[in-house]
Amino acid sequence: MSPSVPLQEMIRAIRSARTQCEERGVIQRECAAIRAQFRQTDNGGRSHNLAKLLYVHMLGYPAHFGQMECVRMIASPRYSEKRVGYLGAMMLLDEKQDASLLITNSIKNDLSHSNQYVQSLALCTLACMGSAEMCRDLAPEIDRLLRSSNSYIKKKAALCAVHIVRKVHELGELFVPSARSLLSEKNHGVLHGAVVLITELCERSPETLERFRKVSVPDLVQIMKGLVISGYSPDHDVAGVSDPFLQVRILRLLRILGRNNEAASDAMNDLLAQVATNTDSTKTVGNAVLYETVLSVLDIKSESGLRVLAVNILGRFLLNNDRNIRYIAMTSLQKIVSTDHNAVQRHRGTIVDCLKDQDASVKRRALELSLALVSASNIRSMMKELLIFLSSCPPELRAHAASGIFNAAERYAPSKRWHIDTILHVLTTAGGDVRDETVPNLIQLITNTSELHCYTVHKLYRALLTDISQQPLVQVACWCIGEYGDLLLKGECQETEAVQVTEDDVLDALEIVLQSHMSTPTTRGFALTATMKLSTRITDNVDRIRSVVSIYGSCIDVELQQRAVEYNALFKKYDHMRAAVLERMPVIQKNSLAGLLHVFESIQSFFMLLLASAPTVTVYEKNGVTLTLSCERQSESGLTVTLTASNSTDSDISSFTLQAAVPKVCNKHPVYPPELTAVKPPSNRISYDNVEFGDKCTTQCYSEEYSRSNSSRVLMTLMKYLGTR
């Protein structure tokens, strides 16, 4: 290929290449020829060669060797070479390269050129790749051009000033007077550039925002009214809307000026109402203007009627066939549902219908908005729709839907039975996608609803027989059967149809869970504990339960094996204590549970600190009682743990009891019971007794008796004692 091949011929040769290797060969030969011609001092085809090099750059091949040629062509007096040179600078140079600094003087000279098109090239290049240093040097020239009488230059200078403000924030004050004067122009291009510049200035500086808020709102309102009521203009009309691009920019600026300012908001309320009612919503350009109008109405301090009108526009958007319009409508409604809840509620039916949309993004937005619309007055109807959606929703939305249903049911449940039924329905439909805290939360709800124990255990038993694949549901069912198995065996339930269940039926169901390959170790633990608890609630199958428990004493799962061994110990050595140990769980209040968890977390933090040097941590501090744990390593194999109990209240405390369970064996090293040191008045009596529990640990119970008036009891059990590591 000869060096004089035109650009079109080179493009044709590259496109006709059959393989990538052949394409690289064509480009390498052409680049070699271009590089050779760049070295020539008298080269009349420089613009021709640089144009070909820019095409090569667009294909992704290296073209950095043409940077200096761009600098030389920008300095050329010929317009044809300047045009290609500036284009090459915008494509091949950026502010990080030193070569960009070489064109600063050329740009400055061209900004003062008599030809408006040469000035335009310099303005476009500065706005595209001008560095902070270039912007500081050339900002006065741009401000001068903003006052030019040429509209073509002023609109490009305004956009160039936007780039300068973004690069060097402190230069914004330089352009404020010029930007204000540009709003009096009639040319739409200049107005568009002025609005963009003012928007950038207001977003960068609160002082500038206040200045334009006082003087520019009437001008912008007047310009916008002229656009709304103007007739057909062939230069600016787009699908029947007069210059929608300028309208959108003005509405966006008005939103910034009216935010958190009542006076500015009042000045634009009538205009926004006029735009909302007069804009055609059947075309995309009209919807764009309406959407910006809605955003402005919702963001400023607008009147209540105007906000309702904006919500109704978003409601019409929900009926649009374009999924993008439906998506942005639901996104906007999601932002205002907390402040304009009643207005959004009017479109609840349309929002719920969007749950059936095929687009995953629209479904997700519709789900979030539907959950936000749930209230005490519509909980039953909305939950019915959400449960239908849950049964057919995509897997990636199932966890979010289940979590939202749980939260809504907890806040607005009309009755305890309805609450339990709703959660059980979710567990039956999407049990594998619920969060970990669902099981303990449901167990607490069932425990606190004593009047529904019989109903709940019957319903869960039937669910367990139907499907054991939903592990959270199986865990709750096993727990309820273990706690309330006697109610299940009685067969008397007023809330639901009574089912005659025998002891063998219940044990068969639990054994199926224990033996199923679908059961997780946690689920098997629930089932084994439920089986053990039934030993105190039935009379004829205790030997069968003992046999089932003994089987899992050699289970490969350590947790399950430990439970089985401990339950066997209850059968063999402590059968007289079995009924008391396996009695029903007491009602757990949320506050007490939170306090217990706080103590456990403090103890866990303490044992994590045991690995460090001699820590001291407060594990309990409530109602004036403070428990402090500290440890001291006596030797390489010995560790002393000291607990200090103190009373800081004005009243006295009596019957203070502390129980500590200490394993005999920990990490294969012998561990001895600790000594307790309590801070007490000399008159108080201390008594303690060693009580043996199982063959694994020794418990020392320390009791401090205070002969005072008020009585309270603090019970803390240290479940594990950390030995030498």
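Author: This is a predicted model. Start with a loop: Asn260 lies between α14 (244-258) and α15 (262-278).

Reader: Why is Asn260 called exposed?

Author: Exposed means over 50% relative accessible area. Asn260 has 62% relative accessibility, so it counts as exposed.

Reader: What makes the phi of Asn260 worth a remark?

Author: Most residues other than glycine have a negative phi. Asn260 is not a glycine, yet its phi is positive, about 60°. Ala239 is another such case: it is not a glycine either and has a positive phi of about 55°.

Reader: Where is Ala239, and why is it called partly exposed?

Author: Ala239 sits in the loop between β1 (237-238) and β2 (241-242). Buried is under 20%, exposed is over 50%, and partly exposed is in between. Ala239 has 42% relative accessibility, so it counts as partly exposed.

Reader: Why is α1 called roughly antiparallel to α2?

Author: The axes of α1 (residues 7-15) and α2 (residues 20-39) cross at roughly 155° and come within 8 Å. Angles over 145 degrees count as roughly antiparallel, so α1 is roughly antiparallel to α2. Met10, Ala13 and Ile14 of α1 make the contact with Glu23, Val26, Ile27 and Glu30 of α2.

Reader: What kinds of residue make up the contact of α1 with α2?

Author: The contact has 5 nonpolar residues, 2 charged ones and no polar ones. Glu counts as charged, while Ala, Val, Ile and Met count as nonpolar.

Reader: How do you know that the span of helix α26 is close to the expected one?

Author: Helix α26 (residues 453-466) has 14 residues, and the expected span is 20 Å at 1.5 Å a residue. From its first C-alpha to its last, α26 reaches 20 Å, close to that value.

Reader: What makes α26 mostly covered?

Author: Of the 14 residues of α26, 10 are buried. Among them are His453, Tyr455, Leu460 and Leu464. What covers the buried residues of α26 includes α24 (416-430), α25 (438-448), α27 (471-490) and α28 (503-515).

Reader: What does Leu333 touch?

Author: Leaving out residues up to four places away in sequence, Leu333 touches Val311, Leu314, Leu318, Val344, Ile351 and Leu369. Leu333 is one of the buried residues of α18, which also include Ile325, Arg326 and Ile336. The buried residues of α18 pack against α16 (284-299), α17 (304-318), α19 (341-345), α20 (348-353) and α21 (360-373).

Reader: How many helices and strands does the protein have, and what share of its residues is buried?

Author: The protein has 33 helices and 10 strands. Of its 725 residues, 49% count as buried, and under 20% relative accessible area is the cut-off for that label.

Terms used: Residues are numbered from 1 along each chain as its sequence is written. This is a predicted model: local features need pLDDT of at least 70, side-chain atom pairs count only at pLDDT 80 or more; totals for chains, interfaces and linings use all residues. Side-chain values use heavy atoms; hydrogens and water are left out. Helices (H or I, at least four residues) and strands (E, at least two) are DSSP runs, numbered from the N terminus. The expected span of a helix is 1.5 Å times one less than its number of residues. Buried means under 20% relative accessible area, exposed over 50%, partly exposed in between (1.4 Å probe, protein chains only). Contact means heavy atoms within 4.5 Å. Axes are lines fitted to C-alpha atoms, for helices over the stretch in contact, and angles run from 0 to 180 degrees between N-to-C directions. Angles under 35 degrees count as roughly parallel, over 145 as roughly antiparallel, 65 to 115 as roughly perpendicular and the rest as oblique.
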